[in-house]
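Reader: I would like to go through this model label by label. Please tell me what each label rests on.

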Amino acid sequence: MAVSGALLIGFLFLHMIGNLKIYFGASSFDSYAHWLRKIGEPILPYSGFLWIQRVVLLVAIGAHIWAATSLAIAARKARPVAYAHRPKVQGSYAARTMRWGGVIIALFVVYHLLDLTTRHLNPVADTNQAFGAVTADFAPGRWYVTLFYTLAVVMLGFHLRHGVWSAFQTLGWKFPRTVALAVSVLLCAGFLMVPLSVMFGIIK
Amino acid sequence: MKLHLRVWRQASGGVRGEMVAYEVDDVSPDMSFLEMLDVLNERLTLEGEEPIAFDHDCREGICGMCSLVINGTAHGPQKATTTCQLHMRSFNDGDTIDIEPWRARAFPVIKDLVVDRSAFDRIIQAGGFISAPTGSAPDAHATPVPKADADDAFEAATCIGCGACVAACPNGSGMLFTAAKITHLGLLPQGQPERDARVIDMLHAHDEAGFGGCTNTGECTQVCPKGIPLASIARLNRDYRDAVKRA
Ligand code: HEM
Ligand code: FES
């Protein structure tokens, strides 16, 4: 759980920083997307690094889901008779929404891949145009896309708020919860800026 | 005060149980929660009914025998307090109170609200001890212990092994209990010889007993009558990591 989660957070940070390049204009963002595919050339083929990274991410996601599922199954087994009076959440709300939150984030990632990677759900089919795809995606007329992205990212924020702290705890380090909160606020803000800027016309 | 109770009744381990409603009149706010049940039990006995079985011993908050999940919360609404030290002034006239046993596969119901907590004994048997001959009490400063370690060890040693952590945990995990013992023994010089074997064996016994895995949800510390901190679980994980590395 902790190790695969750490890999995924590493990806999220790089992804967020990459997204922010959109503020430097269309050519800068598109050439960044092009560069992602050239990493490692000529030793690696075009898009070679991207595919290696995709395999690593898939393995990490698989491990993360596997660990979460076995913990959930163990939890079910450990309490065969449920309480008649549903226990109220006394610890952290974020901690108690990890399982459903994780499922929602996974569904979001599927949607997101169909949207901005394969472009099946995006108005811009040409995969050479990253800037065009993002700006068309979050155009004011498609406010519901922005809304969905916002909900998913906030859910991710909750997930990380508990997850970051919990990962340190699992690996045996005492870790301040405020730092975990800061990490998730930073990631949320970094991710949300782009769709909201497009929607409100700051990026055109 | 007049109260409406709904209490888990189950004649024995193998049979089905159910929530049964009881009315209790004339409850004084100064009664403890268990005294309120005593009053009900006296009436049930006089009426020829089977009294409600529940665990208790010291009624001073120090032995760890009392249990009860009250309105969904282990040991009831008052923080850092065992059920025996909870008083009826924490409730209002006319309240409905649901009373259930600890719910965990590792803590099977014996009767009504009484569960078998010997799974904790098995965790202790696996490593919750030191083998150094202790003899009579040593001189106060014969073995120096850093103040911070002594404080943390004492804090962990206040665990009374009641099992509220398991009852409250959405995973049915006994990690806070196990971590309290690891912290208490692992921080003191006398606990060093078995330190590595202790954490490995106790965790193994914990999993064998059918407790779930810890996901750091923190519900356990919220209900712990002794306020054992979650940081003790980080310490257990660190001890485990180091023990595996050295093994
Ligand atoms: C909310 C703002 C976000 C925007 C504007 C955004 C934008 C993009 C874009 C343009 C791509 C395609 C990159 C390319 O193929 O060149 C992409 C890929 C991807 N994004 Fe996002 N993203 C956002 C949030 C997220 C979040 C929150 C996650 C994860 C929880 C995520 C996970 C991914 C993944 C896994 C890929 C595929 C990477 C690959 O092709 O290997 N994204 N994103
Ligand atoms: S009866 Fe001893 S702690 Fe409650």
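Author: The questions below take the labels in turn.

Author: This is a predicted model, where local features need pLDDT of at least 70, side-chain atom pairs count only at pLDDT 80 or more, and totals for chains, interfaces and linings use all residues. Residues are numbered from 1 along each chain as its sequence is written, chains are lettered from A and ligands numbered from 1 in the order in which they are written, and side-chain values use heavy atoms, with hydrogens and water left out.

Reader: What makes the arrangement around the iron atom of ligand 1 octahedral?

Author: Six donors count as octahedral if opposite donors are over 155 degrees apart and all others between 65 and 115. Here the six donor atoms subtend angles of 88 to 180°, which makes the arrangement octahedral. For comparison, ideal angles are 90 or 180 degrees for six octahedral donors.

Reader: Which protein donors does the iron atom of ligand 1 have, and how do you know that they are donors?

Author: They are H15(A) and H112(A), each through NE2, lying 1.9 to 2.0 Å from the iron. A donor is an N, O or S atom within 2.8 Å of the metal (3.2 Å for Na, K and Ca); water is not among the atoms, so sites may look incomplete. Both histidines therefore qualify. H15(A) lies in helix α1 (residues 2–20) and H112(A) in helix α5 (residues 98–117) of chain A, so the pair ties together parts 97 residues apart in sequence.

Reader: How many residues of chain A and chain B are in contact, and what area do they bury?

Author: Contact means heavy atoms within 4.5 Å. By that rule, 32 residues of chain A are in contact with 38 residues of chain B. The chains bury about 2,700 Å² between them, 47% of it on carbon and sulfur atoms. Buried area is the accessible area (1.4 Å probe) that two parts lose on being put together, summed over both.

Reader: What is the secondary structure of chain A?

Author: Chain A has eight helices and zero strands. Helices (H or I, at least four residues) and strands (E, at least two) are DSSP runs, numbered from the N terminus.

Reader: Which peptide bond is cis?

Author: The bond from E41(A) to P42(A) is cis, with omega near 5°. P42(A) is found in the loop between α2 (26–38) and α3 of chain A.

Definitions and conventions: Four donors count as tetrahedral if all angles lie between 85 and 135 degrees; four count as square planar and six as octahedral if opposite donors are over 155 degrees apart and all others between 65 and 115; anything else is irregular.
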